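Please work through the following exercises with the sequence and the model at hand. Each task is followed by a solution in steps.

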Amino acid sequence: LVVGASGLLGRCLMKEFETRGHTVVGTAMSRQKDPLIALDVHDDEEVKTVLAKTKPEVVVYASSNQVKEGGSASPDPVGRFAAEAQEVGAWVLFMSSDQVSRVNKTAAGGQVDFAKRKLADEESLTKATGGDSGIVRLAVMYGPLLKIGDSPITVLAKGIFPRVRQDISIDNRTVHYPAFAPEVAGAVAELVELRGSEGGGVRGCWEYRGEEGATDYELTLMMAEILKVSVNGHGAPRVSPAGDRDSSPAELASNVLEAQPLTPFLAAKRSSISAHISLRAGLEMVLTKLIPAAALKRDGEPGAA
């Protein structure tokens, strides 16, 4: 059961599990359509109904916990879901964020709040399952998109659209290690299969991220090159860096679980782990499919939309 199957990672997980021959069911809320099952993770009765109907062996929880319009937020959606999943005998694998172990005192307030929420979710999951669960802390992701704003990586490209913005300053402090969502889905599927073959010995906390680090500013310049968009020239968008790369240590909480890198863990157990696609190649694959050339032309140029 993939909870949050309509999102970037959720779509890739559904495809990956289906490709591997597994029976997989997905849930969604804001973008629910057949064959996905409608589910509000904040509604305990809906959660019980879906779990009773699907009787999953494994739950991959990839939901953003968005609150339904007119609905109310549960104080502990992940922990409550995990407790119900335990009742039907399902193992829960929670998709968390590497911000839990990477955010530091120089981070923006929103980043800190996000990391704290994910940490609270991890603690609730661990308590509800007695530790017999899994957590994967994921770096910020990009991949096959429905729209450019689906990823905090590709949304940066909006800043270089010639007819959208001029003179922008982009963060150059925080270094991200963007992960390609189809590769994340492959690693998660490997972990689920390993749990199936080795049982309770597969539990704990892992981290998955890309191999190449870049700030938002560096990513924006890379995407400008990929899309062949001129920046900082006459009549072109002006892009400048805000701050310098930050290497300050993480300082969120002393009780953060220690995470082991997922790829080496899987490589030691299985031999089918594929190599990472390069960051540039992955972005080129995504952007050239998503953004029409006409959107990148300045007003007055031939072919401008």
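**Exercise 1.** How many of the 18 residues of H6 are buried?

*Solution.* The model is predicted, so local features need pLDDT of at least 70 and side-chain atom pairs count only at pLDDT 80 or more, while totals for chains, interfaces and linings use all residues. Residues are numbered from 1 along each chain as its sequence is written, and side-chain values use heavy atoms, with hydrogens and water left out.

Step 1. Helices are DSSP runs of H or I with at least four residues, and strands are runs of E with at least two, numbered from the N terminus. Helix H6 covers residues 181-198.

Step 2. Buried means under 20% relative accessible area, exposed over 50%, and partly exposed in between (1.4 Å probe, protein chains only). In H6, 14 of the 18 residues are buried, so the helix is largely enclosed by the rest of the structure.

**Exercise 2.** Determine what span H6 has and what follows the helix.

*Solution.* Step 1. The expected span is 1.5 Å times one less than the number of residues. From first to last C-alpha, H6 reaches 25 Å, close to the expected 26 Å.

Step 2. Gly-199 follows H6 and has a positive phi, near 70°.

**Exercise 3.** Is Gln-99 buried or exposed?

*Solution.* Step 1. Gln-99 lies in helix H4, residues 99-102. Its relative accessibility is 11%, and therefore Gln-99 counts as buried.

Step 2. A contact means heavy atoms within 4.5 Å. Leaving aside residues up to four places away in sequence, Gln-99 touches Gln-111, Phe-114 and Ala-115.
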